[in-house]
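Look at the structure below and follow the briefing topic by topic. Each group of points can be checked against the model.

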Amino acid sequence: MADAGARPFDGVRIEGEGFLLRAWRQDDIEALLRHADDPQVPRGLSDRFPHPYTRADGEAFLAGRVVDFAHPVFAIEIGGEACGGIAVRPHAGEKAHSAELGYWLGRGRWGQGHMTRVVAVYLDWVAPALALHRVEANVLDTNPASARVLEKNGFAEEGRRRDAIRKPDGLHDLRLFGRIWPG
């Protein structure tokens, strides 16, 4: 994890149709807890996103102890509050031209097309900003909505890692998606 003070993307603000992407702030804590502490939200996410989502979890996240804020990790602000997040985790070495995409959205905003628009606007900004040629994403087999978001944004399903993830209800496949930018 990088120094929690190293936050080069703090000044970035990306406006989209009905949302704003911006750096997470300390005053997002109450909205973060309200949206993240929902058992439906982490179903398709990695274990880095716990449930229940406690104040200690939120404080650790906002302090940069969960994700590296040296990367473009943004809050999704809708209606004046942070209700989700989006980020890429750049790869290093021979994979430095690529990154892994991750995102989540509070359940009260599901089914309204927000995430499809958020991913489109974020990718239009992040691919050139980080000189990415490839962005990839992993989707749990029980999360077809997330797979549709990726497909609508030009990602192709590249494969499946069978029984790759253990969740409370058993083993699940991970669907692998990728998108390439010319260049």
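Ala-131 is found in the loop between α3 and β6. In this residue, which is not a glycine, phi is positive, at about 55 degrees. The model is predicted: local features need pLDDT of at least 70, side-chain atom pairs count only at pLDDT 80 or more, and totals for chains, interfaces and linings use all residues. Residues are numbered from 1 along each chain as its sequence is written, and side-chain values use heavy atoms, with hydrogens and water left out.

**Backbone exceptions**

- Most residues other than glycine have a negative phi, and most peptide bonds are trans.
- Ala-131 is exposed, with a relative accessible area of 61%. Buried means under 20% relative accessible area, exposed over 50%, and partly exposed in between (1.4 Å probe, protein chains only).
- Asp-163 also is not a glycine and has a positive phi, near 50 degrees. Asp-163 lies in strand β7 and is partly exposed, with a relative accessible area of 48%.
- Helices (H or I, at least four residues) and strands (E, at least two) are DSSP runs, numbered from the N terminus.
- The peptide bond from His-51 to Pro-52 is cis, with omega near 0 degrees. Pro-52 lies in the loop between α1 and α2.

**Strand pairing**

- Two strands pair if DSSP finds at least two bridges between them.
- Strand β7 (residues 156-167) and β8 run antiparallel and are joined by eight bridges. In this pairing, Arg-161 stands opposite Leu-174 in β8.
- The hairpin that joins β7 to β8 passes through two residues.
- Strand β6 (residues 134-140) is joined to strand β8 (residues 170-180) by seven bridges, and the two run antiparallel. Here Glu-136 stands opposite Gly-178 in β8.

- Six of the six residues of β3 are buried.
- From β3, Val-73, Ala-75 and Glu-77 point one way, while Phe-74, Ile-76 and Ile-78 point the other way.
- β3 pairs with β2 in the antiparallel sense over four bridges, and Arg-22 stands opposite Ala-75 in β3.
- β3 is also joined to β4 by six bridges, again antiparallel. The bridge partner of Val-73 in β4 is Ala-87.
- The hairpin of β3 and β4 has two residues between the strands, and Gly-79 in the turn has a positive phi of about 60 degrees.

**Nonpolar cores**

- A nonpolar core is a set of buried Ala, Val, Leu, Ile, Met, Phe, Trp, Tyr and Cys residues joined through side-chain atoms within 4.5 Å.
- The largest nonpolar core has 32 residues, of which Leu-21, Ile-86 and Leu-101 touch the most other members.
- At least two residues of this core come from each of β2 (19-23), β3 (73-78), β4 (81-90), β5 (98-105), α3 (114-129), β6 and α4 (144-152). The largest share, seven residues, comes from α3.
- Contact means heavy atoms within 4.5 Å. Leaving aside neighbours within four places in sequence, Ile-86 is in contact with residues including Leu-21, Phe-74, Leu-101, Val-118 and Tyr-122.
- A second, separate core has 18 residues, among them Ile-29, Ala-36, Val-41 and Phe-69.

**Helix α1**

- Why is helix α1 (residues 29-36) largely enclosed by the rest of the structure? Six of its eight residues are buried, so α1 is largely enclosed.
- The buried residues are Ile-29, Ala-31, Leu-32, Leu-33, His-35 and Ala-36. What covers them includes α2 (55-62), β4 and β5.

**Cavity and pocket**

- On a 1 Å grid over the protein atoms alone, a cavity is a set of points where a 1.4 Å probe fits but cannot get out. A pocket is an open set with protein on both sides within 12 Å along at least five of seven lines, and lining residues have an atom within 4 Å of a point.
- Grid points are joined across faces, edges and corners, and a volume is the space filled by probe spheres set on the points.
- One cavity of 30 Å³ or more is found in a search of the whole structure. The largest cavity holds about 40 Å³ of space.
- Residues lining the largest cavity include Arg-7, Asp-10, His-71 and Phe-74.
- The second largest pocket has a volume of about 240 Å³. Among the 15 residues that line this pocket, Pro-39, Pro-42, Arg-43, Lys-167 and Pro-168 are the closest to its centre.
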